[in-house]
Amino acid sequence: HGRYPKSGAVLMRMSDGTSAPPASRQQGATLVLSLLMLALLGLGAAAALRSSLSSERTADNFQRELLAHQYAEAGLRYCEAQMLLPSASRELSLQGVDTAAPVTTPAWDQAATWTGNQVVSLPTGAVASASNSTYSAVMPPQCHVERFVLPQGGNALRVTARGFSPGYMADTNGRTASGSVVWLQSTLVIQ
């Protein structure tokens, strides 16, 4: 009676003369090891998902920024093309800009310039968009033109354009609250 365990568990003798733990202890260790492996796999999957979502967000932001840049480029080209037309054929706010008195303080960086009648918002259809695009501009591109004196003498036109990303919103002061805005400038020398 003293040589066998009481609960029916059988001890196995190893070749070196020691006893192996009962099978129930081995199964408990296997369960703990399996749960540990499962937890590690879960953590790995969660990390991969988080990384994937972060990459997707980055790509989306890059695409929106790129669209804002393209809209600003369209605004810049539109105003440049307007300035090549005879004054009477231009957008109303651009008529006579090339003969107006040169500005001494740039107006393009003043918030009031972009809310008044000195700004041109591109007309609908001036910017092509894909019909199957998931993005659409909230605000049309805008441009502003002002005459200034070049440092070496002579007059030029400063063309400033703004393009807005999908999802762009401004606060009550005109500052960007969400999305992005891209500013571009060119200089046209008056001959």
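**Close-up views of a predicted model**

**View 1. Leu 40 and a nonpolar surface patch.** Leu 40 is exposed (over 50% relative accessible area; buried is under 20%, partly exposed in between; 1.4 Å probe, protein chains only), at a relative accessible area of 51%. Helix H1 (residues 23-83) carries Leu 40. Helices (H or I, at least four residues) and strands (E, at least two) are DSSP runs numbered from the N terminus. Leu 33, Leu 36, Met 37, Leu 40 and Leu 43 make up the patch, with about 530 Å² of accessible area together. Patch residues have over 30% relative accessible area and no salt bridge, and nonpolar side chains are joined within 5 Å. A salt bridge puts a Lys or Arg side-chain nitrogen within 4 Å of an Asp or Glu carboxyl oxygen.

The model is predicted: local features need pLDDT of at least 70, side-chain atom pairs count only at pLDDT 80 or more, and totals for chains, interfaces and linings use all residues. Residues are numbered from 1 along each chain as its sequence is written, and side-chain values use heavy atoms, without hydrogens and water.

**View 2. The open sheet.** Four strands run in the order E3-E4-E5-E8, with antiparallel pairing (at least two DSSP bridges per pair). E3 (120-121) and E8 (181-189) are at the edges with a single partner strand each, so one side of each lacks a neighbour in the sheet. Eight bridges join E4 (residues 142-149) to E5 (residues 155-164). Gln 142 has Arg 162 in E5 as its bridge partner.

**View 3. Contacts of Met 83.** Beyond neighbours within four places in sequence, Met 83 is in contact (heavy atoms within 4.5 Å) with residues including Leu 94, Val 97 and Leu 188.

Definitions and conventions: Patch = residues over 30% accessible without salt bridge, like charges linked within 9 Å, V, L, I, M, F, W, Y side chains within 5 Å. Areas by Shrake-Rupley, 256 points an atom, 1.4 Å probe, with all protein chains shown as cover.
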